[in-house]
Structures are given as C-alpha cells and as structure tokens.
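Here are my notes on this one, as numbered points. Have the structure open while you go through them.

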Amino acid sequence: MATVKKDNRLTSSQSFSCVGFAGLFSKSATSPLEVVKIKSQVGTFHCKKGLGQTFLLVYRNEGLKGFWKGNLVSCLRLFPYTAVHLTTYRKIVHHHMDEVGFISQARAIAAGGLAGVAAALVTYPLEVAETRLIVQNCREPSYVGVVHTLAKIQSTEGAFPFSLGCYVIYTNVDKVWQEPPFRFSPLQNFINGCLAAGVAQTLSYPFETVKRKMQAQSSRLPHYGGVDVHFGGMTDCFVQVVKNKGVLSLWSGLTANTIKIVPYFGLLFACFELCKQVCLYHNGYIVSPLSYAPAPGVDQSLRPAELQEVKRYMKNRSFGAAGQSTIGNRW
C-alpha cells in the first residue's frame, strides 16, 4: 500500500509557486544540454561529430543565445503542464482512495502515468514550438517567437508518457534509503531525482527520438527541418531510422540527455524542497529555512490559516493578561 498525502502546511499558491520556481530554475540551467540533445535526436548537421563538436558548432553558428533557443516557450509550457498534471493526479488519486486515505501502489502509479499523458496532450503544441525553435538557426530563423511558430505549424503527432516510468521509480526509491520520504535530506532528494529521471528517460528514449523527429519535420523548413530521415508517420519513422541509421541511432543524443536530465531532475527536486522549507519557515512550522526541524510548541497538523489564527489568539490573550496585571497594580 502507498500513502498519498498532501502537505497541508503549505497554501495552494505556495505549493504551485514552489513547483513553478523549481521548474524554471532547472530548465533554464540545463537549456544548453537540451538544445544539443534535440539537435542530436533530430539529426541536424550540428550533431555529426559528437557532443563536444556539437556545442562548438552551435556556438560558432548561433552564438551563446543559440543555447537558450526555445527556453522561453519551454518555461511557458511548464505552468499549464504542472497545473494539469497536479490537478489530474489529485482527482484520480482522491477518486481511488479508501476512507483512511490509502491507495494501492498500482493505482498510484497509474494515476501518475495518466496525469502525465493528460498534461502532455494539453501542452503538446508548445512542445512542438519548442522543438522547431531549437532546430532552426536563430541567425536565419524560419520562426520568430512562440505565437508566430504556433501559427505556422499545421499538424504534428507523437507522444509518450515518460512521467509514468519516472513516477514508478521515484515512488519506490525510498526502499533504497530504508526510511520514509519525509526524512530525506536535500542530497537524498537530489539523488532520487537523478536516479528516477535517468533510468526512465533511458528506457523511453527511442520514443522521445521519434517524437522529436516528427515534431521537427516540416516542408516549410529548409531540408525539412534538418531531420536526417524522411517518413510518413510514427511507425514509418521507426522503420526509416532503424533502416538508415541503425538501432542505436534511436538513442542519438543520449549522452547529452543523460548529462542534462540528471542535474535537471536533481535540481528540480532539491530546489522544490528548498522552496518548501522557506515557505514552511515563513508559515511558522520550522525553526529555519535550511532545516525541517519543527518549531517547538507548534501543532504541525494545523493549516497555515489555522496556525495564524492560533497565534493571533495567543498574542491577544497574552496582551490581555499583561494589561490586566498593569491595571491591577495601579489599583
């Protein structure tokens, strides 16, 4: 059995802000590796001579700003993706919880996967726009900005619920440490994120490669978007890639992806936990924003509004008692 508990010590806006800030920070920090990974998956001329040469060619042809192409749309996609993912996940989980708040491991994993699929479908156009902006040369652009990119794209296809595999691993990683997740240190959260993301992404990588090729291919772009094979659909894309480039080409860019995905998810989870600690400290539950040590005398089961109400009550009572004492002394 698995217990799915929401931390009621945070407000809804604080939870969403923690997730949003952690995502923006980790995406922006690893954007150069994302650019190299996608160029390798698509098969553009940049990626013909390995990871180091790809970085060098991107810098020579597009400058430093070339490493942050598509980062804005990627960050914009983060908020609706997170909102849909969390909302869908919570609704599915709450629907299958028993009366004491428990849900089976299988149903929790299925909920995570379905939530990832729903979020990916809703935000898929923005992901396509991100791919097109990254693949093109920003000094000779075919697309200018997010709105212009979306307006020019007519049809795309291809998706895979990577979040399902990541969720399966992350929800079971507590067995490695043999202690409950709420006791994990920031370093443990960093390692957990790296492990879950690295394994899940490697297993699902062939689908990711095909998806990126399908997103990038367009008759409106020079050389059909720079894709190294031409195809008529998802199955044909798999066949053409294996036939022309070999099976291992389905993992093109895996090195850049591993280098990127490990710090990305590590930073994501670690940054989220740090933001959460800051919020909990602000709400009065812990003694420091750098430690989960609970504040003495604070009921951790109270919601933020309830805790503030208790504090106001205790403050007013103390003030009243002090006032009565002063008056009594005067008399």
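1. Start at Tyr285. Leaving out residues up to four places away in sequence, Tyr285 touches Arg9, Leu280, Ala293, Pro294, Ala295, Val298, Asp299, Gln300, Leu302, Arg303, Pro304 and Leu307. Keep in mind that this is a predicted model.

2. Tyr285 turns up again in the largest nonpolar core, which has 19 residues: together with Phe265, Tyr285 touches the most other members. Helix H1 (12-29) and helix H11 (254-283) each put at least two residues into this core, and H11 gives the largest share, with 9 residues. There's also a second, separate core of 14 residues, with Val42, Met214, Val229 and Cys237 among them.

3. Now for a helix pair. H2 (residues 31-42) packs against H5 (residues 105-135) with the axes 10 Å apart and at an angle of about 90°. Since 65 to 115 degrees counts as roughly perpendicular, that is therefore how H2 and H5 lie to each other.

4. Who meets whom there? On the H2 side you'll find Glu34, Val35, Ile38, Lys39 and Val42, and on the H5 side Glu130, Thr131, Ile134 and Val135. By type, the residues of this H2 and H5 contact split into 5 nonpolar, 3 charged and 1 polar.

5. Last, the overall numbers. The protein chain has 12 helices and 4 strands, and 44% of its 331 residues count as buried. Among its contacts with a separation of 6 or more, 68% link residues 24 or more positions apart. The chain exposes about 17600 Å², with 63% of that supplied by carbon and sulfur atoms.

Notes:
Residues are numbered from 1 along each chain as its sequence is written. This is a predicted model: local features need pLDDT of at least 70, side-chain atom pairs count only at pLDDT 80 or more; totals for chains, interfaces and linings use all residues. Side-chain values use heavy atoms; hydrogens and water are left out. Buried means under 20% relative accessible area, exposed over 50%, partly exposed in between (1.4 Å probe, protein chains only). Contact means heavy atoms within 4.5 Å. Accessible areas come from the Shrake-Rupley method with a 1.4 Å probe; for residues, only the protein chains shown count as cover. A nonpolar core is a set of buried Ala, Val, Leu, Ile, Met, Phe, Trp, Tyr and Cys residues joined through side-chain atoms within 4.5 Å. Axes are lines fitted to C-alpha atoms, for helices over the stretch in contact, and angles run from 0 to 180 degrees between N-to-C directions. Angles under 35 degrees count as roughly parallel, over 145 as roughly antiparallel, 65 to 115 as roughly perpendicular and the rest as oblique. Ala, Val, Leu, Ile, Met, Phe, Trp, Tyr, Cys and Pro count as nonpolar, Asp, Glu, Lys and Arg as charged, and the others, Gly among them, as polar.
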